[in-house]
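Look at the sequence and the model below. Then follow the walk from one part of the chain to the next.

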Amino acid sequence: MTDDVLIVGAGPTGLTLALDLARRGVAVRIVDKSPAHLRTSRAKGPNPRSLEILADLGVADEVLAAGSAPLPMRVYRDHRPVAETDPWADAAPTPAARFDRPWLLAQWRLEEILRARLAGHGVRVELGREVVGLAEGAGGHHVDVTFAEGRAERTRYVVGCDGAHSPVRKLLGITFEGTTAEDQVMVSGDVELDHEELGRDRWHQWFDADGAVMLCPIPGTRTGWWFQAGPERDADGRPLAPTLDGFRRLFTRHTGLPGRHLTRAELLSTYRVNVRMADRYRVGRVLLAGDAAHVHAIAGGLGMNTGIQDAFNLGWKLGQVLAGQADAGLLDTYEEERLPVAAWTLDLTSDRLRATLEAIREPGGNLGSAMTPETAGLGIGYRWSSLADTGAGAGANAEAATAAGTDAATEADTATSAPHPGDRAPDAPCRDAATGERTHLYGTFAGPHATALGFGPGSAAVLREVAATYGEGPGVRACRVYAAHEDHGTAEPGSLIDDQGHAAAAYGIGAGGSGLVVVRPDHHVGIVAPAGDPGSVREYLRRLHGVPGMVDAVR
């Protein structure tokens, strides 16, 4: 028996991809070489764009309950508090985006939540399984995978989500060009701290001329903290490996508090700033995602988040190909879209790191300098993509976007009108036309399908056509969005009422206007068309789903 997809690496990237594929009915397996699930001290939680993805996968409520809102930052100098700031004080949800700030959550806790949801689909992580060989099968229709124990297995596709030192990437011979800043070193770990004066309602940051210590409470624990610091160094200036005693000395030096209050330290690690990126994301039937494809400075907290967003871009495309609804060429758009985003992310995080290092030299400077509207991830789009139906020349600027580090990746940030093809589709509050209950557009987008939105009476015929063609399967959901003044007495199931006008405004539909929008399964706009142009919608859906012709339901 040949599995559909083997995912190598069970961190947030691999688990997100596995969950997205499993809910599509794909025969997916996920393996990890670790003998047990690690409680690693790494990412501090999802950003707003990742929260949208987690909501689509059905786990956002659990994530929000398990974590906490980001905390204000209290900054110290020479043992004394000198400033307090809240980088998210002015953030607020908007009609177009429900999540207005990142969420504090230990990476191991997020992984637990994703594994539990994945187990509900009958898929469990296979631990202690190390991939040591990959070979394309006869005819190029599968991949033969060899494991360290000598066993060989067969799968149709492999995705390496196995981290910065990715064995999958190395087996493919893909280069990982970039730099390592040997002088930019940080030690980190999870610690227990019993000092009551340090309130758990703040992220405490001591920045002194000779180093720093940062302590952030770990949500869901009573006395657990994330500990980050500049390392101790030997007589020659070389950084020392982190230890409990070393953490105590650093704690006392920078906080002025007795080191005995730090009672335990585990998951110790040394971090060096690496800025590297793979030159390819796909070799035949093997693909890369997450840290296996790109690593960068931690400023802005984009590492785990970029991996989750890689997985969400890839999942629906693999699903379409495996279902026979698209040819394998659709997988080329994964690299086309995500590689420029990685290049942009490397530039952004390097810039934010420089800004932060400069800020903390001055009393009161803090890690808030790493946060900008761009780090929320909501502005990332793919206007250069061949899947962004902008007419002739679509995709022509992909190479230029990659070479430039892609300012185009965030074109949606500065958009002042309707979203362009490739942009993230805006959310909007609405009412369910059948029940009158409050809902929102992303509730309609959620699930393994594309969505055809129709505004105005002129869109009704095209939506009937879409429903007649795709109504029996999960491929496309047709959704009529009624204006508040329109009669919706005969509304089709799943229709929405734009009672506050936010949906029409978000998609550039004027008062009394009509229009059609196809939203991809990953919440990005595929095409924007006039309501009287069924041909454009028909052709775009054919590209995504391989439908040879649509039922003539238009009368």
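**A walk through the model**

Just after helix α2, Gly-58 takes a positive phi of about 85 degrees. This is a predicted model.

Helix α2 spans residues 48-56. How many of its residues are buried? The count is 8 of 9, and the helix is mostly covered. The buried ones are Pro-48, Arg-49, Ser-50, Leu-51, Glu-52, Ile-53, Leu-54 and Asp-56. What do these buried residues pack against? Their partners are α1 (12-22), α3 (60-66), α4 (107-119), α7 (303-322) and α10 (441-445).

Rolling a probe the size of a water molecule over the atoms shows where empty space is left. The count here comes to 4 cavities of 30 Å³ or more. The largest cavity has a volume of about 80 Å³. It is lined by 13 residues, and the closest to its centre are Arg-49, Gln-309, Arg-338, Tyr-382 and His-524. Helices α2 and α7 are the elements that give two or more residues to this lining. The largest share, 3 residues, comes from α7. By class, the lining of the largest cavity has 5 nonpolar, 4 polar and 4 charged residues. Arg-49, one of the residues closest to the centre, is also among the buried residues of α2.

Next come the strands. Which way does β3 pair with its partners? With strand β4 (residues 80-85), the pairing is antiparallel, over 5 bridges. There, Arg-74 stands opposite Glu-84 in β4. With strand β10 (residues 203-208), the pairing is parallel, over 4 bridges. Met-73 stands opposite Trp-203 in β10.

Now look at the turn from β3 to β4. The hairpin has 2 residues between its strands. Asp-78 lies in that loop. Is Asp-78 buried or exposed? It counts as exposed because its relative accessibility is 56%, and the cut-off for exposed is over 50%. Its phi also deserves a look. Most residues other than glycine have a negative phi, and most peptide bonds are trans. Asp-78 has a positive phi, near 55 degrees.

A positive phi turns up again at Leu-267, where the value is near 55 degrees. Leu-267 is not in a loop, for its place is in strand β13. With a relative accessible area of 29%, Leu-267 is partly exposed.

Strand β13 runs over residues 262-278, and Leu-262 lies in it. Leu-262 has a relative accessibility of 0%, so it counts as buried. What is Leu-262 in contact with, leaving aside its neighbours within four places in sequence? The list is Val-191, Glu-192, Leu-193, Phe-227, Leu-244, Phe-247, Arg-248 and Phe-251. Take Leu-244 from that list.

Move on to strand β14 (residues 282-283), where Arg-282 is found. Its side chain makes a polar contact with the side chain of Asp-332, at 2.6 Å. A polar atom of the Arg-282 side chain also lies 3.4 Å from the backbone oxygen of Ala-328. Beyond its neighbours within four places in sequence, Arg-282 is in contact with Leu-287, Ala-328, Leu-331, Asp-332 and Glu-335.

The last stop is a pocket. The second largest pocket has a volume of about 280 Å³. Which elements each supply at least two residues of its lining? They are helix α11 (460-470) and strand β20 (476-483). Among the lining residues are Ala-460, Leu-463, Arg-464 and Ala-467. Others in the lining include Cys-479, Arg-480, Tyr-482 and Glu-492. By class, the lining of this pocket divides into 7 nonpolar, 2 polar and 3 charged residues.

Key
Residues numbered from 1 in each chain as written. Predicted model: local features only at pLDDT ≥ 70, side-chain atom pairs only at ≥ 80, totals over all residues. Heavy atoms only, no water. Buried < 20%, exposed > 50% of the residue type's maximum accessible area, 1.4 Å probe, protein only. Contact = heavy atoms within 4.5 Å. 1 Å grid on protein atoms, 1.4 Å probe; cavity = no way out; pocket = protein on both sides within 12 Å on 5 of 7 lines; lining within 4 Å. Points joined across faces, edges and corners; volume = space filled by probe spheres on them. Nonpolar A, V, L, I, M, F, W, Y, C, P; charged D, E, K, R; others polar. Polar contact = N/O pair within 3.5 Å; in protein donor to acceptor, adjacent residues only side chain to side chain. Pairing = 2+ DSSP bridges.
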